[in-house]
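Biologist: Please walk me through this one; I'll ask as I go.

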Amino acid sequence: MADTPTPPDPDKTSDRRHRERVEQLLARPPVRAAGTLALADRRLDYAVSAEFIPVAGEGFDGALAEPQAAVMTTAYQLQGAAAGSRPVCFAFNGGPGSASIWLHLGALGPKRLVVPSDGSMPAAPYTVSDNPLSWFEHFDLVFVDPPHTGWSTTASEAARKKLLSVDGDVKALAEVVRTWLTRHRRWGSPVYLAGESYGTTRGAALADKLLDGGVALAGLVLVSCAMDLQSLSFDPGNDLPYALFLPAYAVVSQYHGLLKGPLGASREAAQAAAEAFVDEDYAAALLAGARLSDKRRAAVARRVAELTGLPRALVEEKNLRIADQDYFFEAMRAQGRQVGRLDARVTGPMAARRTRDWEFDPGIEAIAAPYTMAAMAYFGELGLTTEQRYETLSHEAHLAWNWNRGEAQGNAYASTSRDLARALRRNPQLKVFVASGRYDLGTPYSASDWSLAQLDAPSEVLARIEHHYYDAGHMMYTREEDLTKLKADIAHWLG
């Protein structure tokens, strides 16, 4: 009787396919192109290079091991400039699970997709145009798509689990920076990082991690901060975000005409009143919990309702605690509208049944498809073509993310603010620029204020941090006026 053949191991088959895919990407020659950026006073000729960078293993034999991932970078370098004569800025978005096309084609790069400043969805066709507000005037630019975003991928299931984590991601991106600097002979350049959203979580940790590899950053740009997840996560027993989100709710409610009297007169009035209420009363009331007297509870509920435009009965029903999901669906329920998360200036129609099901974010829906289509068209023009799907926002990567750090096995909120504070203390040349949108309910400006105030460093060190505010949402650069202001603020920060 013949032996029964052993069925193939599906895990090994999958790993082989992933490894082959990584090898194919790393074997591709860089895609090169050229362009010119016209500024008011001069023209800058640049070279574009899109290539895949290997993420090597760790330890003594790491360089000899098979690459764990292939990570795509798209770089813009000034033509004719000597290596090391210009600063270089590495930029990435967040998610986790987001590709870098938002910063690339929204604000920093020489090409830009122009969208309506009010956050509404533009009409097709979606194509990029020259961007005179590009940061290329100040830096050479390298846009990084972390593993499992864009076309970047890992070589095995083990590598995927390792790199889809806070610490694994930081190690991988540090390796990408090191390899890119070596490959392009740019170790003599001042190095900057720019990260958005989870990219700030990553960037804060990278500022410290890169020092371990001999890279001292000249500057770090944090757009829409998310360094401390406890300040953003509405969980039982965590009262912090209820207090930190309230000023942002007030600003958004004033924008939509939901506030009465002096509170509704201006954004500044609503913001100042909400911030004062949190500092003087609301945070202490939340801390008191059931010890709060009926009289004081009634006063707090009344003031929360006044500052948010929500019904007082709802505030009392929610035990004085308004989560972001409550606000999105209840603030404009009477109008049948749902408030956007990443850009709360934008609202979308609720279902006819006016359910509270979170089906989409009006604040991102207006730009997700336009950015993706514009990016695919632009990459095609550069000559970077593949039928592989480009992961603009990978929900699979986001859901698989391991938020634990070090030896933690849970029961902890991911935080990289300690890394940033340590990097600032270790590197006296490091300076930090922070940008927040006042109408961002994903990473509210008021939560970022708190996070920066908690950094464990003396005042003379913290003096190297600047926090700037903009009158738009999470991606404040989609508003033309704020993109202009952001560019001017960066220029001033660079001195």
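Biologist: Where does the charged end of Lys431 sit?

Modeller: In this predicted model, the charged end of Lys431 is over the ring of Trp493, 5.2 Å from the ring's centre. "Over" means that NZ of Lys or CZ of Arg is within 6 Å of the ring centre and within 35 degrees of the ring normal.

Biologist: And Arg86, which ring does that one sit over?

Modeller: The ring of Phe136, with the charged end of Arg86 4.8 Å from its centre.

Biologist: Before we go on, how is this set up?

Modeller: Residues count from 1 along each chain as its sequence is written, and side-chain values use heavy atoms, without hydrogens or water. As the model is a prediction, local features need pLDDT of at least 70 and side-chain atom pairs count only at pLDDT 80 or more, while totals for chains, interfaces and linings use all residues.

Biologist: Back to Trp493. Which residues are in its cluster?

Modeller: Trp493 is joined by ring pairs to a cluster that also holds Trp135, Phe139, Tyr192 and Phe433. Rings of Phe, Tyr and Trp (its six-membered ring) pair if their centres lie within 6.5 Å; planes under 30 degrees apart count as stacked, over 60 as edge-to-face and the rest as tilted.

Biologist: How many aromatic pairs are there in the whole structure?

Modeller: The search gives 24 aromatic pairs. In one of them, the centres of the Tyr76 and Phe143 rings are 6.1 Å apart with planes at 80°, so this pair is edge-to-face.

Biologist: Where do those two lie in the chain?

Modeller: Tyr76 is in strand E3 (residues 69-78) and Phe143 in strand E7 (residues 140-145), so to speak distant parts of the chain, 67 residues apart. The strands (E, at least two residues) and helices (H or I, at least four) are DSSP runs, numbered from the N terminus.

Biologist: Are Tyr76 and Phe143 buried or exposed?

Modeller: Both Tyr76 and Phe143 are buried. Buried is under 20% relative accessible area, exposed over 50%, and partly exposed in between (1.4 Å probe, protein chains only).

Biologist: New topic. How many salt bridges does the structure hold?

Modeller: There are 33 salt bridges, each a side-chain nitrogen of Lys or Arg within 4 Å of a carboxyl oxygen of Asp or Glu. One of them joins the side chains of Arg426 and Asp208, at 2.9 Å from N to O. Arg426 belongs to helix H13 (residues 417-426) and Asp208 to helix H5 (residues 198-212), so this bridge ties together parts 218 residues apart in sequence.

Biologist: And how accessible is Asp208?

Modeller: Asp208 has 6% relative accessibility and counts as buried. Arg426, at 40%, counts as partly exposed.

Biologist: What does Asp419 pair with?

Modeller: Its side chain forms a salt bridge with that of Arg405, 2.8 Å from N to O. Asp419 is in helix H13, and Arg405 is in the loop between helix H12 (395-399) and H13, 14 residues apart. Asp419 is buried, at 7% relative accessible area, and Arg405 is partly exposed, at 24%.

Biologist: Which residues are linked in the network of salt bridges?

Modeller: Asp419, Arg405, Arg426 and Asp208 are in it, along with Asp167, Asp212 and Arg422. As for another bridge, Asp482 and Arg479 meet at 3.1 Å, N to O, and both residues are buried.

Biologist: Where is Ser165 found?

Modeller: Ser165 sits in the loop between helix H3 (157-163) and helix H4 (166-183). At 8% relative accessibility, Ser165 is buried.

Biologist: Now the backbone. Which residues does a cis peptide bond join?

Modeller: Gly95 and Pro96 are joined by one, with omega about -5°, and Pro96 is in the loop between strand E4 (88-92) and H2. Another cis peptide bond joins Ala124 and Pro125, with omega about 5°. Pro125 is in the loop between strand E5 (111-112) and strand E6 (129-130).

Biologist: What is phi of His148?

Modeller: Phi there is near 65°, a positive value in a residue other than glycine. His148 is in the loop between E7 and strand E8 (153-154) and is buried, at 17% relative accessibility. Leu320, also not a glycine, has a positive phi of about 70°. Leu320 is in the loop between helix H9 (312-317) and helix H10 (324-330), and counts as buried at 3% relative accessibility.
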